Amino acid sequence: VCKLESVPLDFGDYHPLKPITVTESKTKKMSRKGSTSSTSSSSSSSMMDPLSSVLDGTDPLSLFAAAADPVITTATMDNTRKKRDKDDSSAVGSDFEPWSSKRGEILARYTTTEKLSIVSGSFSTTATGSAVSEKVRTRLEELDDLEEGSQKELLNLTQQDYMNRIEELNQSLKDAWSSDQKVKALKIVIQCSKLLSDTTVIQFYPSKFVLITDILDTFGKLVYERILSMCMDNRVSLSDNFSPENVNDTAKETCLNWFFKIASIRELIPRFYVEAAILKCNKFLSKTGISECLPRLTSMIRGIGDPLVAVFARAYLCRVGMEVAPQLKESLNKNFFDFLLTFKQIHGDTVQNQLIVQCVEIPLYLTLYSPAIDWILQCIAYRAPEVSKCANVSNAEA
């Protein structure tokens, strides 16, 4: 006969989730005469608690206790933060308004009825000579000719004529590149970059900036794709997150050659813009190339005397910086603070005399800064801590 024997339960130790001990009592009757019945008892633990199995052996109270450990908590938070920061800073997301969406608005807003002028250079590229030194000397002479006046100025152009001429230069750049006339392409870009130092029709300057930087963007893309194509191994191109170790020597040499050519440009503004246009090419040379070049290019802008020209140069550097290294916020912040420090230049004699000659009032002149400042602040505020955003707004208001 088997039966369950009741066990007294002490309610002081009672807990609904606590395993219950059940004692099984067995009584065996002997068939022999005179034998007595004996009782044997055995106790065993109950089956696994279903609530514990759902938790997979992890008690939530134990989790809280582990979370109280500062070492475990700090390590977990650091790993989560690093992963989130890496994901946030690796690329610009869809929540960032691109420059292309602002381009049309700027061109429509900043117009002029004044006559414009543009400098057109002579782009002959007859590099002769069998020796390498002769070829290099010829190329340098061609660049010098461009800087020393082998060019003509087209006067009395309407705004539409000016835009058509810029489009022709953009097409000439593509044609020269496709026909393997790299020096000619570079000379076109240098010529166009020089136009950004001209503020004779100052109310048209923001639109001029848009048109010229379109050419610079085209040039930067052509140079990058050219070097990238040289890295192909068995017709397989590099991955997006390649490292300089994966780049062959030929591609690195070509990349360095482009930077050396740009370093030979004598004037500050074209040298700055052309180097900024191919900033992304630093990825082929060094892991820290971009982070090292951005502060240097930021400092170069301090040499531009006209505050309007300087602020648009800062906007362009922020533009290429957000494309290649959006996580490097320090250089973006430095650009903005440099602008705040030099903003007082608008009250200087140089700017005031220029406005008097062109019959431009200060309120109208200040609106010309809007596209550049708006873009710089957008780059700084993108995925930035609230403290940083508030500080920049306060400085801007001051």
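A charge sits over a ring if NZ of Lys or CZ of Arg is within 6 Å of the ring centre and within 35 degrees of the ring normal. This is a predicted model, where local features need pLDDT of at least 70, side-chain atom pairs count only at pLDDT 80 or more, and totals for chains, interfaces and linings use all residues. Residues are numbered from 1 along each chain as its sequence is written, and side-chain values use heavy atoms, with hydrogens and water left out.

Q: Which ring does the charged end of Lys 261 sit over?
A: That of Trp 258, with 4.7 Å to its centre.

Q: Why is the pair of Phe 272 and Tyr 273 called edge-to-face?
A: Rings of Phe, Tyr and Trp (its six-membered ring) pair if their centres lie within 6.5 Å; planes under 30 degrees apart are stacked, over 60 edge-to-face and the rest tilted. Here the centres are 5.1 Å apart and the planes make 75°, so the pair is edge-to-face.

Q: How many aromatic pairs does a search of the whole structure find?
A: There are 20. Ring pairs also link Phe 96, Trp 99, Tyr 205, Phe 209, Phe 312, Trp 375 and Tyr 382 into a cluster.

Q: Are Phe 272 and Tyr 273 buried or exposed?
A: Both are buried (under 20% relative accessible area, with exposed over 50% and partly exposed in between; 1.4 Å probe, protein chains only).
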